[in-house]
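Student: I have a model open and would like to go through it with you. Could we begin with the ligand and its surroundings?

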Amino acid sequence: MTGGSLPTAGPQAVRLQKVLAQSGVASRRKCETLMAAGRVEVDGAVVTQLGSRVDPETAVIRVDGKRLPVAQRHVYLVANKPRGMVSTMADEAGRPDLRELLGDRPERLFHVGRLDTDTDGLVVLTNDGEFAHRLAHPSYELQKTYVAQVAGVVKPRVRRSLLEGVVLEDGPVGVDAFRVVGSHGGRSMVELVIHEGRNHIVRRLLAEVGHPVLRLSRTAIGPIGLGHLASGSVRDLTADELGTLLDAVGL
Ligand code: URA
C-alpha cells in the first residue's frame, strides 16, 4: 500500500499526526504537512491521509526513513535559567546551554520560547511537541511575568503609557499589568505582565519609555511560578500546573 490510509483502527488507535507530535517530531500542524508530503511511513507503507489512526505501542513509524521510538511518557519541566546561559539545547559556540541543567536525562527535550542570554528565570522544557508549540504561540496569549531592574525613577505616567500601549518599530505592544516594586540610587525595580513573545520585547518596551533594563528575570508563565527554585535548578511541573496549562492551550 502506498500514499493512502491504514486499513485497521483498533481500540488503541490514535491519529497518526497526534502520535508524531507527541513523540516530539514537530507540532501537529507540521506533522500533517510531513504526512501530506509522503514523508511518513507506518509498518512499511507511506501514509498521507490525515485521519489515519495507528496503535502507538505497536506501529513501526518512520519519518524520512528514520524510526520513531515507541511513544514515551511526556516530561514537563520548569528550569531557572541562570544569566549568561544561552536558550538553546546545544550551543554550537560551546557556551553554557540548557542541556547543562538536565544532567543525564534520557529524553530529547526542547525549550518553549527563549530568554535572552542576559535574562535569567523561568523556562519550560518538554518533549511534548504540540504542547510546546501552543505554549509558545501568541494566539494562546499566555501571560508572562518579568521583574526588571531599570535605570531611573519610574513616574506614574510611565505605567499609564505601558498599560495604554506603546508603538515599537515592529508594531504596538502593551502590558497587562505593571507596578513599581521600589526605587533606590537612581534605579527602580519593576514587575510587569505581558502576553507577547517578540524578541527582546521587555527590554525594547522599557527602553522606549525611557527606562533601559539593567537586569531582567522571568518569574512566571501563566500559572507556573519560579517560587524558590534555585538558579540552575530544574523541577517537574506539578499536576495542577500542568492541568491548568493544558486547559489554557486547549489540549
Ligand atoms: N523580553 C526580553 O527583552 N528579553 C527576554 O529574555 C524575554 C522577554
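Student: Which residues are around the ligand?
Tutor: In this predicted model, the residues around the ligand are Leu115, Asp116, Thr119, Tyr146, His200, Ile201, Val202, Arg203 and Leu216.

Student: What is 3.2 Å from a polar backbone atom of His200?
Tutor: That is an oxygen atom of the ligand. A backbone N or O atom of Ile201 also lies 3.4 Å from an oxygen atom of the ligand.

Student: And which atom of the ligand is 3.1 Å from a polar backbone atom of Val202?
Tutor: For Val202, the ligand atom at 3.1 Å is a nitrogen.

Student: Let us turn to pockets. How much space lies in the largest pocket?
Tutor: The largest pocket holds about 650 Å³ of space. Its lining has 30 residues, and Gly113, Arg114, Gly197, Arg198 and Asn199 lie nearest its centre.

Student: How do the residues of that lining divide into nonpolar, polar and charged?
Tutor: There are 11 nonpolar, 10 polar and nine charged residues in the lining.

Student: Which helices and strands each supply at least two residues of the lining?
Tutor: The helices are α3 (129-136) and α5 (201-208), and the strands are β8 (110-112), β10 (144-151) and β15 (213-221).

Student: Where does the pocket lie relative to the domains, and why?
Tutor: The largest pocket lies between domain 2 (76-139 + 227-248) and domain 3 (143-221), because both give residues to its lining.

Student: What else is in the domain assignment?
Tutor: The assignment also gives domain 1 (14-68). The C-alpha centres of domain 1 and domain 3 lie 43 Å apart.

Student: Back to β10, then. How does it pair with β14?
Tutor: Strand β10 pairs with β14 (residues 187-194) in the antiparallel sense, over eight bridges. Val147 stands opposite Glu191 in β14.

Student: Which strand do seven bridges join to β14?
Tutor: That is β13 (residues 177-184), which runs antiparallel to β14. Phe178 has Leu192 in β14 as its bridge partner. The hairpin of β13 and β14 has two residues between the strands, and Gly185 takes a positive phi near 55° there.

Student: One more topic: what is the order of the open sheet of four strands?
Tutor: The order is β3-β2-β5-β6, and the pairing is antiparallel. The edge strands, β3 (45-46) and β6 (66-67), each pair on one side only.

Student: How many bridges join β2 to β5?
Tutor: Three bridges join β2 (residues 40-42) to β5 (residues 61-63), and Val42 stands opposite Ile61 in β5.

Terms used. Residues are numbered from 1 along each chain as its sequence is written. This is a predicted model: local features need pLDDT of at least 70, side-chain atom pairs count only at pLDDT 80 or more; totals for chains, interfaces and linings use all residues. Side-chain values use heavy atoms; hydrogens and water are left out. On a 1 Å grid over the protein atoms alone, a cavity is a set of points where a 1.4 Å probe fits but cannot get out, and a pocket is an open set with protein on both sides within 12 Å along at least five of seven lines; lining residues have an atom within 4 Å of a point. Grid points are joined across faces, edges and corners, and a volume is the space filled by probe spheres set on the points. Ala, Val, Leu, Ile, Met, Phe, Trp, Tyr, Cys and Pro count as nonpolar, Asp, Glu, Lys and Arg as charged, and the others, Gly among them, as polar. Domain bounds come from an automatic or database domain assignment. Two strands pair if DSSP finds at least two bridges between them. A residue is near a molecule or strand if one of its heavy atoms lies within 4 Å of it. A polar contact is a pair of N or O atoms within 3.5 Å; within protein, one must be able to donate a hydrogen and the other to accept it, and residues adjacent in sequence count only if both atoms are side-chain atoms.
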